[in-house]
Structures are given as C-alpha cells and as structure tokens.
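Let's take a walk through this one together, helix by helix. Have the sequence and the 3D view open as you read.

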Amino acid sequence: MSHEHDPEIADDVIAGREPGTPVLRGQGAAVAAVAVGGALGALARWGIGLAWPTPHGGFPTATLLINVVGCLLMGVLVVHVAEVREAHPLVRPFLGVGVLGGFTTFSTFAVDSQQLLAGGHLGTALGYLAATALGSVGAAALGLALARATTRGVRG
C-alpha cells in the first residue's frame with residue numbers, strides 16, 4: 001500500500017537511503033555480525049546462569065553481575081571504537097550490538113524484578129532494582145573513564 005499522498009507518513013526515516021530501497025539492502029555483513037556476536041554473548045550469559053543459578057525468591061546476583069560487567073565493557077568499547085581508533089565497520093555491530101547485547105539481559109532483570117515483587121520479596125526486589133540501575137550506569141561511566149585514562153594520547 002502506497003502512502004505517498006498521506007502527509008502524516010514521511011517518505012523515509014533512514015538517512016541516506018533512497019525512498020523505496022529495501023531497508024536491509026547492503027546490510028548482510030552487519031546483520032551476520034550481530035547474529036554471530038549475539039549468539040556468543042547469549043551463550044556466555046547462559047553459561048554464567050547455569051554456573052550461578054538464583055534460588056527462588058533469592059537475589060539474582062548472576063544477572064546483576066552480567067548486566068554490570070556488560071555495561072562496563074560497553075563503556076570501554078565506546079571509547080575504543082569511537083574515540084581512540086578507527087575501527088572496522090563491523091566491530092560495533094559485532095561487539096556492541098551482538099556480543100554485549102546478547103550478553104546483557106535487561107529483559108531478565110525486568111522479569112526477575114516482577115517475580116520478586118509478585119512473590120512478596122519487596123526488600124530483595126528494591127535492592128535488586130537499585131543495584132542494577134546504579135551499578136549499570138556507574139559501570140558504563142567507569143568503563144568510559146578507565147578507557148579514556150588508559151588511552152590518553154593514543155590515536156590509531
């Protein structure tokens with residue numbers, strides 16, 4: 001169905017793409033990089049979850065650590081691929097979206113929080129909510145700061 005006469009619908013929202021061009025044209029390598037990276041990240045998360053399961057009603061320590069470490073690594077990655085060196089165009093999709101996107105699990109965080117609340121574990125749920133929010137944002141900031149401090153003057 002064509003929307004060319006509907007003023008409410010823009011011609012195109014993706015910069016640099018001619019109207020009517022398929023969205024994924026030329027994106028095969030990036031899609032593959034995200035898929036492979038996502039599988040690797042998800043497998044790492046799954047392994048940690050198996051090694052460190054959370055008892056029913058308990059504090060989801062493994063999920064908290066996965067998310068905090070993932071945010072720390074994202075901070076480091078951002079500095080390295082955006083500020084320090086000119087990275088291959090597939091580095092960000094592979095590592096940032098794929099590996100770290102598959103590794104971190106904020107959807108599990110949301111489900112864990114809901115289940116803790118529904119199970120009457122208010123203190124644990126509030127502690128988990130606070131620790132995840134503060135820990136993740138703090139870890140991302142720390143990753144940025146550490147990467148910048150250790151790469152001062154390096155440009156490659």
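**How the helices meet**

Start with a pair of helices: F106, T108, F109, D112, S113, L116 and L117 in α4 meet L122, T124, A125, Y128, L129, T132 and S136 in α5. Sorted by type, the residues of this contact come out as eight nonpolar, five polar and one charged. Bear in mind that you're looking at a predicted model.

How do the two helices sit against each other? Helix α4 covers residues 106-118 and helix α5 covers residues 122-150, and they pack at an angle of about 160° with their axes 8 Å apart. Anything over 145 degrees counts as roughly antiparallel, so that's the label α4 and α5 get. Their crossing is left-handed.

Helix α1 (residues 28-51) packs with helix α3 (residues 91-103) at an angle of about 30°, and here the axes are 6 Å apart. The cut-off for roughly parallel is under 35 degrees, and α1 and α3 are therefore roughly parallel to each other. This crossing is right-handed. On the α1 side, the contact is made by A30, A33, V34, V36, G37, G38, L40, G41, A42, A44, R45 and I48. Facing them from α3 are P93, F94, V97, G98, V99, G102 and F103. The tally for the contact of α1 with α3 is 13 nonpolar, five polar and one charged.

Next, what ties α5 to α2? Search the whole structure for salt bridges and you'll find one. The partners are R148 and E83, whose closest N and O atoms are 2.6 Å apart. Because R148 lies in helix α5 and E83 in helix α2, the pair ties together parts that are 65 residues apart in sequence.

Set aside its neighbours within four places in sequence, and V78 is in contact with E83 and L144. As for L144, V78 and L144 are 66 residues apart in sequence, yet their C-alpha atoms are 7.3 Å apart in space. V78 itself is partly exposed, with a relative accessible area of 34%.

Technical notes: Residues numbered from 1 in each chain as written. Predicted model: local features only at pLDDT ≥ 70, side-chain atom pairs only at ≥ 80, totals over all residues. Heavy atoms only, no water. Axes fitted to C-alpha atoms, helices over the stretch in contact; angles between N-to-C directions. Helix = DSSP H or I, 4+ residues; strand = E, 2+ residues; numbered from the N terminus. Parallel < 35°, antiparallel > 145°, perpendicular 65-115°, else oblique. Left-handed = near helix turned anticlockwise from the far one by under 90°. Contact = heavy atoms within 4.5 Å. Nonpolar A, V, L, I, M, F, W, Y, C, P; charged D, E, K, R; others polar. Buried < 20%, exposed > 50% of the residue type's maximum accessible area, 1.4 Å probe, protein only. Salt bridge = Lys/Arg side-chain N within 4 Å of Asp/Glu carboxyl O.
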